[in-house]
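User: Hi! Could you walk me through this model, one question at a time?

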Amino acid sequence: MNFGVVGAGQMGAGIAQVAAQSGFDVIVQDVQQAFLDRGKATIEKSLAKLHDKGKLTDTPDAILGRIRFTAELQDFADCDLVVEAIVENEAVKAELFRTLGAIVKTDGILASNTSSIPITALASASGRPDRFIGMHFMNPVPLMALVEVIRGYSTSDETARIVTETAERMGKTPLACNDFPGFVSNRILMPMLNEAIQCVMDGVAEPEAIDGIMKLGMNHPMGPLTLADFIGLDTCLSIMEVLHRGLGDDKYRPSPLLRKMVQAGLLGRKSGRGFYTY
Ligand SMILES: CC(=O)CC(=O)SCCNC(=O)CCNC(=O)[C@H](O)C(C)(C)COP(=O)(O)OP(=O)(O)OC[C@H]1O[C@@H](n2cnc3c(N)ncnc32)[C@H](O)[C@@H]1OP(=O)(O)O
Ligand SMILES: NC(=O)C1=CN([C@@H]2O[C@H](COP(=O)(O)OP(=O)(O)OC[C@H]3O[C@@H](n4cnc5c(N)ncnc54)[C@H](OP(=O)(O)O)[C@@H]3O)[C@@H](O)[C@H]2O)C=CC1
């Protein structure tokens, strides 16, 4: 399978890596060489770690050799499946899918790794709504078992079948859900993270205590503020805005502190500072 990935950020790099680990030929595109270089470095580091632990069936070099990095969307023309993992912004994603819809061969499938944006709207922009689907990987992609598979209004059975089988070939467990804001994963996860941020704003406890309480008290692998920093506070805010707008209920209102931190450029791990310093 020729597998395309748009965006070489934390998710795009992870998806490309796991696709290449599974034997697919992968093309990764991003808007600047610097982002491609950063994505490649992320993949190299992850592969080295997995290799040291004996978790790879191929050498890191062989896996990396199956990934081609490019700045040109035209290079996706022959792809059987293209997964988009760019910024969580509906207008930017829709514009990309309008372009991809005209480039990728007609029987190619387009998928979005969006955390929350309506699949049906992006499918319409692509001009091929039957061959469009949500393929939502979890972060960090090389370690997390789930792929949420979200059918848009017009997604065909054949598209859902191919994408489900592809996720399985990538060693993941695909689980199906319908096209509602935030799907299942982020409709449930993100309000919890937002509430933890509101606890910081209200002075309920210090960040370390909030995270400690949720880790030790609920056996969560990461505290909610550590997880929000890990996901990216900009992405968390975008998801909350989609939930708030899409479900029309103030229980999804983004915490003002979350909004302020994003305005201040504190995006979490990727910017070096969020609730913690990295
Ligand atoms: C926002 C969305 O739309 C959807 C989302 O994705 S929401 C986010 C979903 N993800 C989560 O909730 C993640 C929660 N955290 C976890 O599950 C765990 O902390 C974790 C799986 C990330 C790490 O596992 P852990 O048991 O805590 O162990 P930890 O010791 O930190 O890490 C295990 C090893 O994996 C390694 N590792 C971490 N990321 C890695 C990666 N990408 N590739 C390879 N190895 C990696 C670590 O370096 C560590 O290696 P060592 O044992 O050599 O130190
Ligand atoms: N972070 C997470 O935990 C998860 C995120 N997601 C979703 O995955 C997507 C990507 O998130 P994530 O990887 O965290 O984000 P990142 O910010 O790490 O990466 C996004 C990448 O896409 C690039 N990009 C932005 N606009 C374009 C464009 N028009 N064309 C090509 N590339 C572009 C960015 O470049 P630049 O730096 O210039 O913006 C960046 O390299 C989002 O939709 C997010 O909601 C899904 C699951 C988990």
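This is a predicted model: local features need pLDDT of at least 70, side-chain atom pairs count only at pLDDT 80 or more; totals for chains, interfaces and linings use all residues.

User: Where is Asn139 found?

Analyst: Residues are numbered from 1 along each chain as its sequence is written, chains are lettered from A and ligands numbered from 1 in the order in which they are written, and side-chain values use heavy atoms, with hydrogens and water left out. Strands are DSSP runs of E, at least two residues, and helices are runs of H or I, at least four, numbered from the N terminus. Asn139 is in the loop between β6 (132-137) and β7 (146-151).

User: Is Asn139 buried or exposed?

Analyst: Buried means under 20% relative accessible area, exposed over 50%, and partly exposed in between (1.4 Å probe, protein chains only). Asn139 has a relative accessible area of 18%, so Asn139 is buried.

User: Which residue's side chain makes a polar contact with the side chain of Asn139?

Analyst: A polar contact is a pair of N or O atoms within 3.5 Å; within protein, one must be able to donate a hydrogen and the other to accept it, and residues adjacent in sequence count only if both atoms are side-chain atoms. For Asn139 the contact spans 3.2 Å, and the partner is Gln10.

User: What kind of peptide bond joins Asn139 and Pro140?

Analyst: Pro140 is also in the loop between β6 and β7. Most peptide bonds are trans. Between Asn139 and Pro140, omega is about 0°, and the bond is cis.

User: Which residues come nearest to ligand 2?

Analyst: A residue counts as near if one of its heavy atoms lies within 4 Å of the molecule. There are 24 residues around ligand 2, and those that come nearest are Asp30, Glu88, Lys93, Ser115 and Ile231.

User: How far is an oxygen atom of ligand 2 from an N or O atom in the side chain of Glu88?

Analyst: The side chain of Asp30 has an N or O atom 2.7 Å from an oxygen atom of ligand 2. For the side chain of Glu88, the distance is 2.6 Å.

User: Is Phe183 buried or exposed?

Analyst: Phe183 sits in the loop between β8 (173-178) and α7 (185-202). Its phi is near 55°, a positive value in a residue other than glycine. With a relative accessible area of 4%, Phe183 is buried.
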